[in-house]
Structures are given as structure tokens and as C-alpha cells.
Amino acid sequence: MSRRATLEAAVKLGLTADEYAHICAIQGGEPTYVELAIYSLMWSEHCSYKHSRPVLGRFPTIGPRILQGPGENAGIIDVGDGWAVAMKVESHNHPSAVEPFQGAATGVGGIVRDIFTMGARPCVSMDSLRFGELTEPRQRFLLDGVIGGIAHYGNCLGIPTIGGEIYFEPSYEGNCLVNAMSAGMIRTDGIVRAIASGVGNHVVLIGSKTGRDGIGGASVLASQEFDETLEEKRPSVQVGDPFTEKKLIEACLELIHRKLVVSMQDLGAAGLTSSSSEMSSKGFVGLDIHADRVPLREADMEPWEIMISESQERMLAIVTAEQIADVREVCERWDLDCTVIGAVTDSKMLRIWWHGERVANIPARRLADESPVIRTPSVKPGYIVDEPVAVNDAAYPRPADLGAALTQLLAAPNIASKRWAWEQYDYIVQANTMQIPGSDAAVLRIKDTERGIAFSNDCNGRHCYLDPYRGAKAAVAEAARNLACAGALPVAVTDCLNFGNPEKGEIYWQFEQAVEGIAQACEALDTPVVSGNVSFYNESFGQAIYPTPIIGMLGVYDDVSVHIDDAFKDEGDVIVLLGAQAGWMDGSEYQKVAYGKVEGRVPDVDLQLEVELQNKLRAAIEARLLRSAHDCAEGGLAVALAECCIAGGSTGGAQFADPEAPRSGRHGRWLGADVDLGSAAAVAGAAGRPDLALFGEAPTRVVVSVAPELLGPLDEVLGGLPHRVLGRVTGANLRCTMEGKELFTVPVGELHSAYESLPQRLA
Amino acid sequence: MSAAPVRFGVVVFPGSNCDADAYHAVSTFPGTSVQYLWHKDTDLKGVQAVILPGGFSYGDYLRCGAIARFSPIMQAVIDFAASGGLVMGICNGFQTLVEAGLLPGGLIRNTGLKFVCRYVNLRVETTDTPFTSACAAGEVLRIVVKHNEGNYTVDPETLSRMQAADQIVLRYADAAGKQAAGANPNGALDDIAGVCNEARNVFGMMPHPENSVEAHLAGGADGRQLFQSIIDTVLRPAEVTS
């Protein structure tokens, strides 16, 4: 125990001189090394949210359905009939950039523990991923490793991974994003919180043995930018063991359901340190932890290493003396270690013992909840412009062949089908999946009820870069719109806010703007933020990622049988566009793919119109008036139409022209569409160009199809909402005209080939 | 007829993750009862049909099913099979039956080297088993596969013996029931998706019929006929043991 806790040692652990002085003041002099190591983790950005806390207060977090808001392992939302959903999203960006397979795998493991810690059985995972361009071999390596890691861990646990989203932009090249979302089902009367109580109760460590893996993960990896030392950080990445986690899920849920534990907390970032200090702080009690009683993988570990190890698949439980025998019996049945490592005290201190000697003595509350708060003065970045781009023929020459432009967009990695990824996920286990990946939302039934739930996740990082306020607001609106397209009512948000270095004024400005955009959209859509995660320092060599506030949203159904997908169903159905915004060039996929530019100012979501559109869309679906609904997102109206065609197919079709039909669970042959966009001025804005009408992007637009005889009733439901008939579902081609003049005709088979071309880019 | 319920048992190994789905699937059939059989137990509790479910028994860190076959419950399953009891292995359960020597062949890594979850079409090659008797010969079932090691392989002599004895039960095919390039998700020899033993009372398949028993779910309901076959067989015991 010769290590000194000097200022030099503190700086090495990632603390500042001010923070070190603050620690010395709390501890009444130089702390012990164990104490210093504990502070360095708990006061890291990752654990303390020191830069984000003052801004996050802006979020709406309460509502009649919200049973648990931010501050616990996961948020919990009442979904009816005594059922609730626990949900959270969390980043594992830096570990994945260093070691993609294990980084992503343990990201899944960590978020799943957050869900079952509260007593919920995990029922769905979705992942939001960002990489650099696939033309770079390292990016293909990262993508392959991340998808493999998610599949390896999630499939083994038997939790369906029902899609997610993947985007490729140069800004993520040195710093990929891996945001894992998980949700679980729980009875409203069965919620367990991570609050220690009952002086004299046992502190019990359950699960894997503790090793040197992941030492300093939260401080070294998560709270610093990347530079040329990337490879050296590999030892800070943990290695996952999904088999042990699967046993932990079953054992812990049994312990909770049989009420054998007082409370429970998983060991995530900062391991035993964060779990013990948070549990004691929340319970206004102290904890005595005997580090020498922790089962180890390596016998010579020092107490500070044991306290901050991030070895995976471990849980901390508070158990009464009467119930410890039952707890041991359950753990033994599942072949899991179960060790009493300490006790609850009335000292309000976190005390660490090592063979009878006290090596740390820290006021739990000051450690967990009174870390310093830092608010960087924000600076509006110079690249931000206030006006949309002028779409003139000099800067944006008109494409010669609009059909070719469409297939080029469909083949763009950001738009192309991600089947290659999601076919590696078990999306059907647990027998609740009603909508498989590839549509706007994941839909699940709740067994033994008529109810259902739906999930979506969204964020267009390019839009957030051009205008973080508008982009983040649009991400919330789009996540809700995706749920509405499936017929679900959006009720709550979990968010993962990925940004660069918050010590820089420009980054802090992006962060504040994005939070404001999310807050306003969540207020308008009545979707409180119930949980989430902030990931800063997403920079490499000083270059920040696009601001990327990922929005994960939960939707609910009273009657899940009304749900629909995006696929056109039958020839002759009428195609209707809801919403009337003209397409914008600014920040569009078309701008990037066809012109190699990212510039301008993205459109602002009219939240009042958005709410009206979603309510009426949902009303039409609940009245069973619609055959399909699909959000117009990247690639605009033309790509949305193409996706509805590719996904479509009549159940009565005799031939199987669609080679994906059998393996996607779809029957039949492709369907085409014959649509007229209307007048150029109305659909293409001031520029009046057909390519903007086709590929320009704007929020609050949805393509639906309806049986001809139901068009009248649909009109009644839509009322004053801007909408117009575009055309009909037809045979094998997508044909677009503008005021009767043909723009292009492309066989759906060609659209499909382009849309399914992602594997060719990975070869 | 208010006969006693047909009694199913679902084995639970550590790492099984389709045990609850198999349990749920059976319980969607009227006139059945179902219970879990714990891997450390040695008693099949009087069930009339045993299902070894999908999942990752013992993490499948070794060859899939290689550890599970040594579980105490497996000796009871082997004895049960030897006395003519109906045993169905799904995915990891199939792998375990192969490891236990109850079914011929082996299941190796998919040719694509990746986990694959997708709908496949299965052609019913024989209805002369207790697991397919409710199907029509040549019928195509659309069911989901999800596995990393589903590539069935067997030596040529055994394969000929199996073919002669009508032990190939299910083959991957296209939607029209023809063996076709692209229809086989894992590279399995001769497009084999499911096989039975010579006595026809032990059956293994890689696809997951337990996820295809409810028409309103994404998995559809094509798996029902396999479970229905078992129920029919148990209710007509004379035909199996003959």
C-alpha cells in the first residue's frame, strides 16, 4: 500500500487540480490511494455527468404513465393491464472503437443488466450505430465486429434484437457510435430500485469473479478523446460472457419475484465503486465493503483495482440475514458465485476494508451526488448558417436521369437495406414479435392481453450538425412518426446524447441546442424523457463527430391487432401523401450522394402540424382504414415510395418475383406504383425542380395506401390535414410523373437490386 | 372426448433460451399439459413427449451441445428414447441429440460464417414420423431459422442408409417446394433441415417451429402441424410402437 495519492497521481487518473483540492477538503487531507481511485471514477464525466447535468434539467420527465423517471437504472412506463415497460439506451462508443466485437457485446450486456436489475424481463433490444464511410477497410472491420458482437451477446441471452439504425458519415471515422437500447416487461407492483436500506443487512456480490479487465474504463476510455494511443487502450475493454449473464437474468429475476432481495444494482461503469456508492447514497445509509472477500480471477489484485474493476456480469444485492440462505440456494442452482462482501451501516460512509484495515472512508452522498458541475460558456460555431442553400443549376446541376438518381440513392449505404446486419440478430425469440426489422418500428404483443408495444429509434446526425436544435427536434418528431406509422401511440423517450468534447464552447453550444430541441418536441408530443445517457469526448485527433442525439421511443397499443407496416398490399390501392411540405436540399441524402455536399439549413418541424398528422394517421389505422403507412425520411418521397414497393407483394401472387419474399416472411410478387407528384411549385419549393420534389427531404410527411372504397372515410378522418392522392399501387414498375409529364419508370426489380446492394460494399 | 391431457416436457439447460417459447407453443394446443425438466434432475416426471429446446446450452463455448449431452437429465432422455418415447430437438436441442448419439450426423458452422435469422421454406419429405404425420407429403412450411451452427453434415454411407430408411424429414426448398440455390441458409448437406432416427421416435430440426404457432405473429403458424403430429401420435399409441 505504498502508492501515494498526490496531485500528480490524481492528474494521472484524470482528475483536475481543482477536483483534487476539493477531494482533499472532503477527506480532511491527502486521501488514500483507494479513495483517490474511487473519486477519479465517480467524478469522471461518464459517471458524474458533470458537464451535462445543468442542461439536462430542461427535459420533461413526468407524466401520468411514468412510474420511474431519470435517476434509476432505467425509466419505467405504465402500459396498461398491470404491465409496465422499463427502458434505457446507453453508449458503448469508445470500447467499440478500440475492440468492436467485445465493445459492442458488453454494451448489450450492460444495458440488459440495467433492465433486469429493476425486476423487468428484457424483451427487446435495438441498436443505433454510426461508422465512417464503408469505402474505408477499417470501417468495414468495425461494422462487422460491432454487428457480430451485438448478435453474439443478444442472441445468446434470448432477447430479440428487432433492428435499429445504422448510418455512415466521415465524421464517425475515428469514433464510431454504438448505442444499445433495451427494454423489458415488468408488473407495475414488482419494481425494485437500487436503494440500500436496513442497517445490518448483507451486501452480496452475485455472478462473475472480479479480474483486471476494464480497469478505468469509465475514466480512461469514456471520458477522454482518442489520439494515437488508441491501440494502447485495448486492455481497458471488458470481455463479455453472455452465458453467465443469461444465468444472472434468470437467477436475479427469481430473487426479485420471490422478494428475496431488499434491492439490487448492477456493476457497470466503475464497477463496485459506483454500485456501492450509489446504493448507499440513495438510501442515506453507509456501506462497509470488505474488498478482500471479493472472489478474484487474479489473486494478487490490490484493493483499488478490485474496487474499480469493470469485470462484466456482476450484480450487487442487499439481502436480509433471514433470506441469505434462500439467496444462496437460488444462485447455487444457477451455478453462480454468491458472496457476502459487506454490510449496510448507519455511518452514511462508504468504507472499504482490506484484511481488517480500513483503506477508504468516504461520505457516500458527496461521492455519488455532489461531484463538481461544470458549465462551459457556449459559442455558436462559425460553420452554422441561417439560410437554406440556393438550389441553382450552377451549384446543383440537374440530373440527366431521375430514375438512375433514385437507384443511386437506394444503393447509398445510409438508405440501402440493412438486412445484412439484422439477419444476424435473433429478432423472433420470446414469441412476441409482430413486426420484424426493416419497417418503421418494431412491434411486440404483450402475452395474454390485447395490448402491444412498439419501439423506434432515430437521429439524423447530418441534420443535427447543420442545426442541432432543429435536427434534434426532428429526431424526436421522426421517432414518434415512425411509431404512428405502425399505429402506436408514442408515450416516452430514452435518449443517448453523443457529442464531442464538452470543454469546447462550440460543442457545448451544440449540446445545449440539441437538448432544447428535444425538450420542445417531447413537450409537444407528450413523450417525457424517462432515462438516458450522455456520451461526450467523441472526438479523435480533435475532430468531433456530428452531434448525434439518438432518440429511442416507446409506443403503446390498446389493441395491437391494428398495427400495419410499410408494404404496399394490393394493386389498385390508392396512394395518399399526408403532409404537404416541399422537399429541401439542405442536409438531404440526395445532397450528399449526388453532389457530395453537406450544407445549408435544415427545415424546422412544425410541432402543431406534426401532432395533428400523427393523431389523424393513428386514428385512421385504429379505424382499420389503411393498408400501409411509411414515413418519408432520407431520400425523400421517391425513396419512401420505392421502399413501399420493394416491401410489398400481394398474398395472392402466383409467382415469386421477389427473391427476398420467402426469407423476409413476405409472400408474393412485387408491387409497383403509378404516381403524379402534382405541381412543381407546390412540391419542390421555390426552385421548382422535379428532383427536389422526388428526393428533397422535409419532416411531417407520410405515404399511406388505402383500398379505393375506403378513400371517402379516410378523407373524413384527415379533415383539414394537408394531404393529396398521388396515384395507385400497380404492377411491376414504379412510375412517377409531374403534372402528367413522365419523370421516370423503373422496374421494381431494379430498385430492389439497388436497395439490397449493401453486402457488395462489404465484400 | 375428454381424454387426459397429452403431457409434454421441455428440458431446461443453463443457457437454453427457447425453453419458454417451446413451453408457450405447446400450451397453445388444447388438451395438452407441459412442464419444465431441469437439467440436474434425472426424472422425466411421466411426460409423453420431450422437447430439447433451442438456445446456447452452457454458452456453446465448446462445440454446440457437447456439454449439455452430459447433463444428468440426458441419461433419462436416452433411456426414454430407447423405450420408444418421443423426443424432439429444436436447434440447440438438435445439436445436443446429435452429440448424444441419438441422431446421426453433425452440425457445423454455417457456410456464411455468420449467425443467420431468416424465414426458410421447409419441404416435408416424409409424413411417416410421429412429428410430421399431420402434414401432407411435399407440403411446404415457412418457419424461421436462427443459428450459427446449422450446417448439417454426415458421412456418405450413413447418408445413403438414412435415405433408404426415409430418415430425412425436412429439406430447405424454395416457396414452391423445389430444392434451389439460395433456399438453404447454412450450407447443409443435401439441403437437410431435419432428420429422425431409424426407430423414428427421435427427431431433430434446425428451424424453430415453436416460433410459428400463432398466425397473428411475425412467425406465422406453419409450425403447428409438427406439434399436432406429436399430439395425434400420443393419442394413438398403437401406431407408433408397432
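In strand β28(A), residue A:T737 has A:E742 as its bridge partner. The model is predicted, with local features requiring pLDDT of at least 70 and side-chain atom pairs counted only at pLDDT 80 or more, whereas totals for chains, interfaces and linings use all residues. Residues are numbered from 1 along each chain as its sequence is written, and chains are lettered from A and ligands numbered from 1 in the order in which they are written.

Strand β27 of chain A (residues 733-738) runs antiparallel to β28(A) and is joined to it by 6 bridges; strands are DSSP runs of E of at least two residues, helices runs of H or I of at least four, numbered from the N terminus, and two strands pair if DSSP finds at least two bridges between them. Both belong to an open sheet of 7 strands in chain A, with mixed pairing and the order β23-β25-β22-β26-β24-β27-β28. Because β23 (626-631) and β28 (741-747) of chain A stand at the edges with a single partner strand each, one side of each has no neighbour in the sheet. Neighbouring strands are turned by 20° against each other on average, direction ignored.

Helix α27 of chain A (residues 748-755) lies across β24 (672-676), β27 and β28 of chain A, at about 65° to β28(A). Axes are lines fitted to C-alpha atoms, for helices over the stretch in contact, and angles run from 0 to 180 degrees between N-to-C directions. Contact requires C-beta atoms, placed from the backbone, within 7 Å.

The contact between the chains takes 32 residues from chain A and 30 residues from chain B. On the side of chain B that touches chain A, β6(B) gives the most, with 6 residues.

Technical notes. Two residues are in contact if their C-beta atoms, placed from the backbone, lie within 7 Å.
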